[in-house]
Amino acid sequence: MPTATIHRTDLRGLEKVYEGKVRDLYNVDAQFVLMVTTDRLSAFDVVLPDPIPDKGRVLNAISNFWFAKTQSLVPNHLSGRPLASVVHDPEELGLLEGRAVIAKRLRPLPIEAVVRGYLIGSGWKDYVRTGKVCGISLPAGLKLAQRLPEALFTPATKAAAGAHDENISFEAVERLLGANVAAKVRATALALYAQAADHAGERGIIIADTKFEFGLDAAGELTLMDEVLTPDSSRFWPADSYVPGVSPPSFDKQFVRDYLETLPWDKKAPGPKLPADIIARTSEKYREALARLT
């Protein structure tokens, strides 16, 4: 079943319109695009030279699981169209199996809808420095990785390739999107996180934080897009080893970030090559997340 890893795609007969850190987009027609999830891995906003076996299929399967589970909360980008209706070459169909979807064409909103349930990462650094996370005041004395009193909506800009996302205030989101859309994005992101955290918690996984992406369809309806609650867009921790005050092990790419932090690398492209054991263990972590969640 596992086929060769795919670092980048170049499909015949379809126009590639975007190559992101992980996903390639192809034009289908005025209403739809083909979205391919590759095995690329990015860290510190740099795409690393080594693909991770099965990563694209795992991310695609996890996203599709969550899209189905959350469709009562918000519409999503899935069209339901089979790949064979667009891709006719048998070799390319085999290449794309399990890693591509035909998605509705949307107008992406220019923010990352980040939700934090636990105090970790840049949120922890912000709290240590200011007593706040993204301008939101928190009680004194919280520990690293501690569960927050309530989940926080902490939006960020979408940075260009090679640049870093920057946290912004909710007032800035209102200026970008308008008050009504901003309020709907915040409420929807928090509801999605709450539902997902409950589901994952029953399966021994803590979702520490995550980011959602939304777009507007032709009628202006808010629509969930891109990827949802994957190890690339979220921090997943095993609940059985979670202890506040200690940075937990993870099912996500934090494992690779931790390895990269041990290297004399300036976090600029090109990224360093990964040892075979780091590649293999990363692939295992992604597959375990899929198995547990679904």
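Predicted model: local features only at pLDDT ≥ 70, side-chain atom pairs only at ≥ 80, totals over all residues.
The lining of the largest cavity is formed by R23, M35, T37, N60, S63, N64, F67, H77, V101 and D226. Two elements, β3 and α1 (55-69), each give two or more residues to this lining, and the largest share, four residues, is contributed by α1. When the lining residues of the largest cavity are grouped by class, three are nonpolar, five are polar and two are charged. Rolling a probe the size of a water molecule over the atoms shows where empty space is left.

Strand β3, which takes part in the lining of the largest cavity, also belongs to an open sheet of four strands, arranged in the order β1-β2-β3-β6 with antiparallel pairing. Because β1 (16-19) and β6 (100-104) stand at the edges of the sheet and each has a single partner strand, one side of each is left without a neighbour in the sheet. On average, and with direction ignored, neighbouring strands of this sheet are turned by 25° against each other.

Strand β3 spans residues 32-37 and runs antiparallel to β6, to which it is joined by five bridges; in β6, A100 is the bridge partner of V36. Residues M35, T37 and V101 are among those that line the largest cavity.

Methods. Residues numbered from 1 in each chain as written. Heavy atoms only, no water. Pairing = 2+ DSSP bridges. Axes fitted to C-alpha atoms, helices over the stretch in contact; angles between N-to-C directions. 1 Å grid on protein atoms, 1.4 Å probe; cavity = no way out; pocket = protein on both sides within 12 Å on 5 of 7 lines; lining within 4 Å. Nonpolar A, V, L, I, M, F, W, Y, C, P; charged D, E, K, R; others polar.
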